[in-house]
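User: I would like a close look at one part of this model, followed by whatever else can be said about its local features. Please keep it plain.

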Amino acid sequence: MSSKHFLLLFFFLFCFSCFPSYARFITPTDLVSDGISTVKNPPYLLLKPPVSAEESCEQTYGFLPCTTTILGNLFLILVYGYLMYLAATYLSNGSELLLQILGPGIVGGLFLPVLGALPDAMLILVSGLSGTAETAQSQVSVGMGLLAGSTVMLITVIWGSCVVVGRCDLRDSVAVDGKNAKGFSLTETGVSTDIWTCYAARIMAISVVPFIIVQLLQILNSTSGRHLAVLIALIVSALMLVSYCLYQVFQPWIQKRRLAFAKHKHVISGILRHLKEHALGKLLTDDGEPNTEIIKKLFETIDENHDGALSPSELRAFVIGIRFEEIDLDKDDAVRKVIADLDTSLDSLVQEDEFLNGITKWIYEAKQTGGAYLEPVSGTFKFIDRFHQQTKREHHLLGLEEQSDEVVEGVENPGWISFKAVLMLLLGTLIAAAFADPLVDAVDNFSDATSIPSFFISFIALPLATNSSEAVSAIIFASRKKQRTASLTFSELYGAVTMNNLLCLSVFLALVYIRGLTWDFSSEVLVIVIVCLVMGAFASFRTTFPLWTCWVAYILYPFSLALVYVLDYVFGWS
């Protein structure tokens with residue numbers, strides 16, 4: 001059966017279930033007596049009396065189906081969950097199409113993260129808008145369960161799975177792209193990311209600050225004080241959300257500048273190492289200071305026409321002769337930056353004294369970075385070589401490919417792709433807005449029917465619907481087994497968690513404050529804070545993750561559920 005036929009059948013069954021059925025309730029007085037009044041156990045079937053108003057369910061929008069049975073609500077959760085999955089898929093695909101047309105910038109930095117968190121935000125919003133304040137207080141735990149479940153699932157189960165499928169052989173603590181000859185070795189296989197992924201992990205860890213604020217201020221005894229605590233946390237969360245969006249918008253420009261700076265440092269280190277190897281004597285004196293006489297001789301060697309100044313063509317020939325094979329270097333750009341560093345007179349020529357002062361300055365910079373101490377064996381200074389290796393590694397960690405924030409060119413039919421992207425975004429938004437409320441009602445009714453707290457249902461089930469497309473794409477992307485794809489995959493996971501912690505929490509806090517609800521989510525907040533801080537600290541200071549690290553992530557998922565249960569139902573936090 002094709003996907004279209006399956007979707008048509010699914011839609012037919014869903015519409016068929018929306019039609020109510022009616023029946024007449026039969027009582028003993030409605031039956032015709034056969035003259036025997038002494039029968040204590042009548043042979044006819046007595047139907048269960050109609051449920052009372054308190055036990056009946058209320059149809060969402062007045063026509064969508066509802067039920068009080070366990071299987072019925074389970075079916076509705078699956079149906080509405082699949083529709084929310086479709087909404088998330090449409091939003092994700094529409095965002096990617098829009099990204100092809102407009103490039104990163106505002107679209108990739110602002111719209112994509114917001115749209116990715118939109119289904120979760122919709123569910124949280126409707127969970128606190130339903131009915132009276134008492135009803136909202138009961139259903140808002142669904143929103144908190146979704147918030148905690150999405151955050152925990154992304155950086156535990158999905159994070160660990162990306163490590164497993166993206167693992168490569170480790171060589172010198174760095175993953176070798178596309179090579180996996182060591183199977184499932186816990187210590188000799190793993191994934192490597194760039195330094196920007198570490199920054200994303202640190203931002204994710206910082207995003208739990210509003211959780212900590214609202215929880216710490218709950219120690220205030222008065223109701224008004226706790227209400228004020230929610231408002232303070234809401235303001236902080238909103239400000240951090242705006243700051244994060246701005247950072248995402250300007251991140252491609254920041255990355256481009258950082259990578260250009262790293263390349264320039266690598267050019268400087270390469271020049272110093274080249275001068276050291278080709279010096280007509282020692283580039284450094286016995287006490288590690290620049291040898292001015294040797295530097296002047298090097299200047300005369302580079303000055304081919306011996307006019308006492310280095311022209312751009314002479315410097316370009318010098319830079320090309322160094323052969324920076326390990327990085328993709330724009331020779332003309334490198335020459336311009338070298339001249340800008342050395343030419344203090346701004347006459348586009350490098351005089352002898354300018355060359356001497358510039359090389360001396362570079363040597364002191366290398367000494368500060370590489371450490372100016374004497375090697376015990378050779379009796380020489382090795383800080384220039386260490387400086388070169390460090391700049392090479394820094395360039396590698398920043399990523400080998402520049403990310404441009406310019407408009408993507410070469411896209412066929414940009415008008416049609418733009419229209420298709422906008423249509424998919426609108427359709428995804430409408431589906432999410434229409435079926436978020438019924439899904440929350442179904443979860444709440446299922447909780448009543450099974451006596452299972454709605455938090456645990458929403459913690460486990462709802463993230464599977466709202467984050468499935470994101471999880472599948474992350475795992476597929478990680479399976480390409482390259483540092484570049486691994487960096488993007490983990491950065492997107494950290495970004496999704498950050499947006500959950502800021503956008504979804506802002507929506508949740510706004511509901512609690514506006515509707516005057518009680519903040520009673522200490523254990524849930526503690527779980528989010530622990531998981532984010534543990535994984536954030538784990539990923540903030542390392543760029544290589546051996547295979548054994550996936551088990552750290554996997555264990556945190558059942559630990560989170562167990563911690564909430566123990567705190568709420570053993571120690572009575574709830």
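What is the handedness of the crossing of helix 4 and helix 18?

Analyst: The crossing of helix 4 and helix 18 is right-handed. This is a predicted model, and what follows is computed from it.

Helix 4 covers residues 118-129 and helix 18 covers residues 483-514. Where the two pack, their axes lie 9 Å apart. The angle between them is about 15°. Angles under 35 degrees count as roughly parallel, and helix 4 and helix 18 are therefore roughly parallel to each other. The angle is taken between N-to-C directions.

Next, the charged side chains. The structure holds one salt bridge. Its partners are K182 and E188, whose side chains meet at 3.8 Å, N to O. K182 has a relative accessible area of 39% and so is partly exposed. E188, with 40%, is partly exposed as well.

S173 has a phi near 65°, a positive value in a residue other than glycine. S173 sits in the loop between strand 1 (168-171) and strand 2 (174-175). Its relative accessible area is 56%, so S173 is exposed. S451 also has a positive phi, near 65°, and again the residue is not glycine. Here the setting is the loop that links helix 14 (414-450) to helix 15 (454-460). S451 counts as exposed because its relative accessibility is 65%, the cut-off for exposed being over 50%.

Y565, V566, Y569, V570, F571 and W573 together make a nonpolar surface patch of about 660 Å². One of these residues, F571, is found in the segment after helix 20, which spans 549-569. With 57% relative accessibility, F571 counts as exposed.

How values were computed
Residues numbered from 1 in each chain as written. Predicted model: local features only at pLDDT ≥ 70, side-chain atom pairs only at ≥ 80, totals over all residues. Heavy atoms only, no water. Patch = residues over 30% accessible without salt bridge, like charges linked within 9 Å, V, L, I, M, F, W, Y side chains within 5 Å. Areas by Shrake-Rupley, 256 points an atom, 1.4 Å probe, with all protein chains shown as cover. Salt bridge = Lys/Arg side-chain N within 4 Å of Asp/Glu carboxyl O. Helix = DSSP H or I, 4+ residues; strand = E, 2+ residues; numbered from the N terminus. Buried < 20%, exposed > 50% of the residue type's maximum accessible area, 1.4 Å probe, protein only. Axes fitted to C-alpha atoms, helices over the stretch in contact; angles between N-to-C directions. Parallel < 35°, antiparallel > 145°, perpendicular 65-115°, else oblique. Left-handed = near helix turned anticlockwise from the far one by under 90°.
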